[in-house]
Amino acid sequence: MVLINKFIALSVAPEYRQDIPNLAVVWIQCLVAVVALEILRNMSMIEYSQLQWSIVKQWLPVNVIFILMLATGFLSFVYLSVPMINIMKNLTNVITIFGDWSLYGESPTWFTIFTIVLMTVGAVMAGANDLQFSWIGYTWMIVNCVLTAVYTLYMRIRRSCSLSSSPSSLSG
C-alpha cells in the first residue's frame, strides 16, 4: 500500500496535481473499503451488526483520527521518499512510549530507551542527509506520527471501555 500511494502521489503531472485534491485518493480508498465490506457482507462472507448511532458516537473520534492519519500519511508521500517515510514512522514509537508512560504509568526498560534513542539519532542523521529535504513533507510526516500515536493510545482506551461494557450494548 505504501508503494501504491507513493506511485499515485507522483504519477499525476505536477501541473494537473494542483487541480486534483491530494486527499481525493484517501477518500476513494475509504469508499472502496466500505463498498468492498458491503459486498462481502451481502455475499455472507463476513458478518457485522447494523449501524447504531450510539456506537457511531463512541467510535467517531477513533475514525476521525484514523482518517486524518491516512490523509497526513498520503500528503507526506507527495514530498518525501519512501525510505524517509519508513524512517520517520519509527519515531511514532517514541511518542507512543511517552504516551504509555504518561497515561498508563508504564515505564520503558533501559534497553527500550536505548533503542528509541538509537532510532531517533538515525532519523535525524537520515533527515540531515536527505537529498529531497522538504519542510512541508517533514511537517506532514511529524503530524502523521503524532496522529498515529494518538490513534494507538486512544484505541487502547476505547477498547478497554468497550470490553468493560455489557455484551448487550455491543451487539447489533
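Setting aside neighbours within four places in sequence, T96 is in contact with A149, T152 and L153, where contact means heavy atoms within 4.5 Å. T96 is placed in helix α6, which covers residues 92–104; helices are DSSP runs (H or I, at least four residues), as strands are (E, at least two), numbered from the N terminus. This is a predicted model, in which local features need pLDDT of at least 70 and side-chain atom pairs count only at pLDDT 80 or more, while totals for chains, interfaces and linings use all residues. Residues are numbered from 1 along each chain as its sequence is written, and side-chain values use heavy atoms, with hydrogens and water left out.

- I116, a residue of helix α7, counts as buried because its relative accessibility is 13%.

**Surroundings of I116**
- Apart from neighbours within four places in sequence, I116 is in contact with N93, V94 and I97.
- The C-alpha atoms of I116 and I97 are 9.2 Å apart in space, and the two residues are 19 residues apart in sequence.

**The largest nonpolar core**
- Twelve residues form the largest nonpolar core, among them F77, L80, Y138 and C145; such a core is a set of buried Ala, Val, Leu, Ile, Met, Phe, Trp, Tyr and Cys residues joined through side-chain atoms within 4.5 Å.
- Two or more residues of this core come from each of α5 (82–89), α7 (110–128) and α8 (135–164).
- The most is given by α5, with four residues.

Key: Buried < 20%, exposed > 50% of the residue type's maximum accessible area, 1.4 Å probe, protein only.
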